[in-house]
Amino acid sequence: MSELYDIEKPVEKVILVGVATDNTEEVVALLKELEELAETAGAETVGTLIQNRERIHPGTYLGKGKLDELKEMIAEFGATGIICDDELSPAQLRNMEEILDTKIMDRTLIILDIFAQHASTRDGKIQVELAQLKYRSARLTGLGSSLSRLGGGIGTRGPGEKKLEMDRRLIKDRISHLSEELAGIRNNRETARKQRIQNRMPVAAIVGYTNAGKSTLLNTLTDAGVLEENKLFATLDPTTRCLSLPSKQEVLLTDTVGFIRKLPHHLIDAFRSTLEEAKYADIIIHVVDSSNPHMDAHITTVYDTLQQLGVEDKPIITLFNKQDLVEDAQTLRDFKATKTLCVSAKHGNGLPNLLETIEEILRSQKIYLEHLFSYTEAGKIAEIRKYGQLLKEEYQNDGIYVEAYIPHAVLGQLGL
């Protein structure tokens with residue numbers, strides 16, 4: 001009888017590399033984040049290297065001296081790969097590989113790899129594969145012998161795991177096919193949005209930097225059952241759930257893909273239909289990890305990404321989340337927000353205030369109604385309760401007296 005053995009896949013040992021052209025502290029923070037990305041992708045960081053330069057070297061990313069130093073580090077730590085914090089050009093990729101004789105990766109490749117691991121729906125898989133192919137098609141000439149190096153591990157798995165030796169024509173055909181499928185998905189999303197508008201169901205989009213606690217918030221409020229992990233991009237596919245407010249009015253809560261600094265443009269383009277849930281929402285709920293020392297930079301990234309998506313003039317509720325992890329008193333501000341709240345989504349602290357704030361904002365978007373409905377019009381009360389906020393319902397001899405806040409569109413539907 002033959003025995004079965006568990007063979008563990010070797011963990012990739014990587015050295016993280018960054019270039020500081022201005023602020024060294026910022027690059028240190030970015031490399032710390034890159035380390036988290038590498039860990040999420042399944043790699044172990046064994047060293048880091050930062051070079052201070054006026055600008056990134058156009059041919060080799062680093063200068064000659066630092067490349068020599070990096071070569072020594074590879075031998076010393078037994079590293080199997082290098083991850084650069086910036087997106088590399090084909091020339092940089094090819095030249096660095098020739099000089100260092102090891103696998104070269106960049107931040108974009110790592111993020112694409114993590115997305116490939118976490119995409120579970122057909123929609124998500126198509127979007128990830130499309131982004132992967134666009135990234136690789138621009139680098140076929142730069143990959144050189146690394147095509148054989150990338151035979152396994154980071155950068156080669158997920159829905160985009162095809163033979164990397166595909167020529168440009170095949171990649172172009174595949175991109176064209178996926179783009180058509182994605183166009184169909186976008187049309188379906190657009191139809192769903194129009195249906196929600198017709199149903200007059202308010203929508204609140206949850207946005208935030210990756211790992212800020214968006215999924216935890218959705219789970220706590222709606223028992224959505226979305227995966228919660230202390231990892232970057234733990235969840236990828238968006239989830240929408242119905243939330244019943246204290247006034248019994250219902251709101252749709254939609255989780256979105258987490259934002260991150262240097263988010264690859266391939267992903268913004270591929271996931272535009274998903275990210276644009278925020279563009280069509282009535283309210284933006286911006287979740288911030290207040291325990292993260294780089295919170296301010298994360299807030300800036302979120303607003304920059306929203307601006308890229310054309311999200312403007314929306315009421316924003318900023319939640320300074322993870323208050324249970326904050327040790328020192330902080331001054332928490334977000335001048336772009338309509339309202340700021342301190343919460344702990346994990347423990348539910350501050351969430352009743354969030355529900356009240358959502359109701360206040362929705363109420364400000366409605367008109368006040370005082371009306372006496374005849375008993376034959378009792379069905380209209382259910383419409384008010386569903387789409388508005390019913391403040392008073394009094395049964396009198398000649399009918400039902402109602403005080404409520406309702407959307408303008410419902411007013412016409414009620415025949416008023």
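**View A. Lys 322 is buried in this predicted model, with a relative accessible area of 15%.** Buried means under 20% relative accessible area, exposed over 50%, and partly exposed in between (1.4 Å probe, protein chains only). Lys 322 forms a salt bridge with Asp 289, the closest N and O atoms being 3.5 Å apart. Asp 289 lies in strand β8 (residues 283–289) and Lys 322 in the loop between β9 (316–321) and β10 (339–342), so the pair ties together parts that are 33 residues apart in sequence. Asp 289 also counts as buried, at 11% relative accessibility. A salt bridge here is a side-chain nitrogen of Lys or Arg within 4 Å of a carboxyl oxygen of Asp or Glu. Helices (H or I, at least four residues) and strands (E, at least two) are DSSP runs, numbered from the N terminus. Residues are numbered from 1 along each chain as its sequence is written, and side-chain values use heavy atoms, with hydrogens and water left out. As the model is predicted, local features need pLDDT of at least 70 and side-chain atom pairs count only at pLDDT 80 or more, while totals for chains, interfaces and linings use all residues.

**View B. The whole protein holds 15 helices and 13 strands.** The chain has 416 residues, and 52% of them count as buried. Among contacts with a separation of 6 or more, 70% join residues 24 or more positions apart. A contact means heavy atoms within 4.5 Å. The structure holds 13 salt bridges.

**View C. Asp 85 and Lys 262 meet through their side chains in a salt bridge (2.8 Å, N to O).** Asp 85 sits in the loop between β3 (81–84) and α3 (90–100), and Lys 262 in the loop between β7 (250–255) and α10 (265–270), so the pair ties together parts that are 177 residues apart in sequence. Asp 85 is buried, with a relative accessible area of 2%. Lys 262 is partly exposed, at 37%. Both belong to a network of salt bridges that links Glu 33, Asp 85, Asp 86, Arg 107 and Lys 262. Side chains of opposite charge can pair when their charged atoms come close.

**View D. Helices α1 (residues 24–41) and α4 (residues 107–118) pack at an angle of about 35°, their axes 9 Å apart.** Axes are lines fitted to C-alpha atoms, for helices over the stretch in contact, and angles run from 0 to 180 degrees between N-to-C directions. The crossing of α1 and α4 is left-handed. That means the near helix is turned anticlockwise from the far one by less than a right angle; clockwise would be right-handed. From α1, Leu 30, Glu 33, Leu 34, Leu 37, Ala 38, Thr 40 and Ala 41 take part. They meet Arg 107, Ile 110, Ile 111, Asp 113, Ile 114, Gln 117 and His 118 of α4.

**View E. Helix α3 has Gln 92, Leu 93, Met 96, Glu 97 and Leu 100 buried.** Seen down the axis of α3, these buried residues fall within an arc of 125°, so they line one face of the helix. The arc is that of the directions from the helix axis to the C-beta atoms. An α-helix has 3.6 residues a turn, so residues three or four places apart point the same way. Just after α3, Asp 101 takes a positive phi of about 55°, although Asp 101 is not a glycine. Asp 101 is found in the loop between α3 and β4 (103–106). It is exposed, with a relative accessible area of 55%.

**View F. Lys 248 has a positive phi of about 80° although it is not a glycine.** Lys 248 lies in the loop between β6 (240–244) and β7. It is exposed, at 58% relative accessible area.

**View G. Ile 381, Ile 384 and Tyr 387 are buried in helix α14 (residues 379–387).** They cover an arc of only 150° around the axis, which puts them on the same side of α14. Lys 380 forms a salt bridge with Glu 377 through their side chains (3.1 Å, N to O). Glu 377 is partly exposed, at 25% relative accessibility. Lys 380 is partly exposed, with a relative accessible area of 25%.

**View H. Val 128 lies in helix α5 (residues 122–137).** Val 128 is buried, with a relative accessible area of 0%. Val 128 and Leu 267 are 139 residues apart in sequence and 7.5 Å apart in space, C-alpha to C-alpha.
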